[in-house]
Amino acid sequence: MTDNFKRAGQFKKQLTLTDLTFIGLGAIFGSGWLFAASHVASQAGPAGVLSWITGGIAVLLLGLVYCELGAALPCSGGIIRYPVFSHGELMGYLLGIITLIAFSSLIAIEVVASRQYASAWFPALNRPGSGDASFSGWLVQLALLVLFFWLNYRSVKTFARANNLISVFKFMVPLLVIGILFAFFQPDNLQRQGFAPFGAAGVEAAVSAGGIIFAYLGLTPIVSVAGEVENPQRNIPLALILSVLVSTVIYVLLQLAFVGSIPPEMLAAGWSAVSQHFSLPYRDIALLLGMGWLAFLVVSDAIISPSGTGNIYMNATPRVIYGWARSGTFFKRFTEVDAASGIPRPALWLTFGLAIFWTLPFPSWEKLINVVSAALVLSYTLAPVTAAELRRNAPDLPRPFRLRSFALICPLAFVISALIVYWSGWQTVSWLLGLQILMVVPYLLFQRRMVGHRVGLRQQLLSSLWLIVFYLLMILLSYLGSFGGSSRLVHPWDTLAVALMALVIFYWGARSCLPQANFSDEQPD
């Protein structure tokens with residue numbers, strides 16, 4: 001079986017370690033760094049730096065899990081296909097839905113961010129008195145989506161070259177912002193109203209609702225193009241780890257620079273109003289400090305940076321759709337790959353249509369961020385369970401990268417992922433997980449018509465029951481908890497309850513795998 005992953009098939013292996021690392025860093029550095037600083041400061045105060053560190057640790061743990069999976073099974077759309085290998089098609093179907101929502105909406109959120117920052121120069125792009133798009137603003141967003149589509153329609157190497165060029169500029173400006181703002185750093189700001197004025201709950205909420213986890217989640221584009229990578233067993237783990245470590249250092253320094261350079265008089269009423277004063281954080285503070293040239297560079301980068309990330313996800317999402325179709329629970333047409341370019345063009349057309357849909361009815365960045373963050377984390381959550389189960393039901397699978405301290409890292413990564421979803425709040429958790437549960441019904445009704453089934457329905461249900469129970473318990477605890485719920489479970493007991501529940505669910509899931517890993521759908525990518 002594993003030889004199938006080492007031979008060139010329809011996809012062309014053209015991506016180097018440099019390409020792959022820039023894909024990871026480019027996906028991580030989108031709109032998150034541009035908007036999140038003020039939201040994090042409003043929710044956590046100076047302790048927001050701990051929120052960034054928490055997010056970095058969480059994503060690094062998940063990244064290490066993906067290192068083992070991606071190096072052992074370098075297949076395009078792997079994020080969808082791994083659960084099918086370990087649990088069967090029902091798991092791949094459920095993960096496909098949530099991942100398609102997450103990835104396609106992320107393309108939209110990045111073009112929304114570009115337009116929102118561009119409105120600093122062209123106010124007509126926004127509706128009067130709001131950050132929502134005007135009709136002309138929406139046309140600008142559409143033009144960006146058309147550009148992304150064209151770059152990805154040609155070939156994967158055309159996409160990679162464009163991404164590498166954009167990424168160089170994307171990192172020059174954040175590093176310059178850090179250096180300049182630290183010249184205005186006021187250490188007393190770190191103690192105004194206390195280091196953590198909103199306590200541990202504020203630090204936790206900032207991870208999800210502040211945009212931190214959204215800013216970090218750029219790992220899956222690396223895994224999604226695994227079938228197109230030169231020497232994937234070496235390059236995938238290196239690119240994943242490098243992307244997370246570099247981004248964590250830069251994000252922490254950016255937050256420190258922002259918090260420390262806010263004029264003290266603007267903090268007299270506390271930290272909660274910071275996001276109102278700095279709706280475009282680094283541009284606004286540059287103007288406040290009298291550096292119009294820096295504000296100009298920030299706005300320029302703010303238009304280019306999210307565009308680069310949107311372009312990356314326009315590339316990754318078709319691979320996810322391809323993987324979903326290959327798993328047998330999505331339309332077979334989306335397994336088609338153009339022979340000349342190596343691009344899954346039917347999946348790319350679907351991605352383009354969904355990205356346009358998510359820009360309606362002209363939402364702002366702030367309105368999309370919570371849902372996208374929770375959906376992205378849910379799309380990552382199954383990786384630790386899948387990795388644990390493949391160790392049980394595919395022990396002989398060659399693992400070029402074998403994760404050390406596996407028995408500690410996998411359950412910890414799952415628990416942290418569950419907490420991040422919980423911290424996103426009742427309103428998000430209820431509909432997002434509720435939708436996942438409802439989508440089981442059409443699967444049961446139409447699963448016999450779906451192509452590619454190799455695992456009986458009874459076995460699929462037995463292998464996936466833990467996930468349904470996990471969703472139900474998350475909805476219940478979110479309703480009872482203090483993050484937008486009824487607060488019958490107060491902080492920190494609600495967070496502790498979710499952590500304990502997730503730990504039990506992880507071990508249940510890790511023992512609910514198929515008797516033998518299901519690699520029967522694999523042909524060379």
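**A walk through a helical chain**

Hi everyone, let me start with the charges: a search of the whole structure finds three salt bridges, a salt bridge being a side-chain nitrogen of Lys or Arg within 4 Å of a carboxyl oxygen of Asp or Glu. Before I go on, a word on the source: this is a predicted model, where local features need pLDDT of at least 70 and side-chain atom pairs count only at pLDDT 80 or more, while totals for chains, interfaces and linings use all residues. Residues are numbered from 1 along each chain as its sequence is written, and side-chain values use heavy atoms, with hydrogens and water left out.

Back to the pairs. Glu68 forms a salt bridge with Arg391, and their closest N and O atoms are 2.8 Å apart. Glu68 sits in helix α3 and Arg391 in helix α16, so this pair ties together parts that are 323 residues apart in sequence. When I say helix, I mean a DSSP run of H or I with at least four residues; strands are E runs of at least two, and both are numbered from the N terminus.

Glu68 also forms a salt bridge with Arg399, with the closest N and O atoms 3.3 Å apart. This pair links distant parts of the chain too, since Arg399 is in the loop between α16 and α17, 331 residues from Glu68. Together, Glu68, Arg391 and Arg399 are linked in a network of salt bridges.

Is Glu68 buried or exposed? Glu68 counts as buried because its relative accessibility is 2%. Here buried means under 20% relative accessible area, exposed over 50%, and partly exposed in between, with a 1.4 Å probe and protein chains only. Arg399 is buried as well, at 12%. Elsewhere, the side chains of Arg283 and Asp284 meet in a salt bridge, 3.0 Å from N to O.

Now let's stay with α3 for a moment. Its 25 residues should span 36 Å at 1.5 Å a residue, and the end C-alpha atoms are 36 Å apart, which agrees; the expected span is 1.5 Å times one less than the number of residues. Helix α3 is mostly covered, with 20 of its 25 residues buried. Ile57 also lies in α3, which covers residues 48–72, but Ile57 counts as partly exposed because its relative accessibility is 46%.

Over in α16, residues 365–393, we find Thr386. Thr386 is buried, at 0% relative accessibility. Which residues does Thr386 touch? Leaving out residues up to four places away in sequence, they are Leu69, Tyr82, Pro83 and Ser86, where a contact means heavy atoms within 4.5 Å.

Stepping back, the chain has 21 helices and zero strands. Buried residues make up 64% of its 525 residues. Among contacts between residues at least 6 apart in sequence, 84% join residues at least 24 apart.

I'll finish with some backbone details. A cis peptide bond joins His491 and Pro492, with omega about 10 degrees. Pro492 is in the loop between α20 (457–480) and α21 (493–510), and that loop between α20 and α21 is also the place of Ser487. Ser487 has a positive phi near 65 degrees, in a residue other than glycine, and is partly exposed, with a relative accessible area of 36%. Ser405 has a positive phi of about 55 degrees although it is not a glycine, and its place is the loop between α16 and α17 (406–423).
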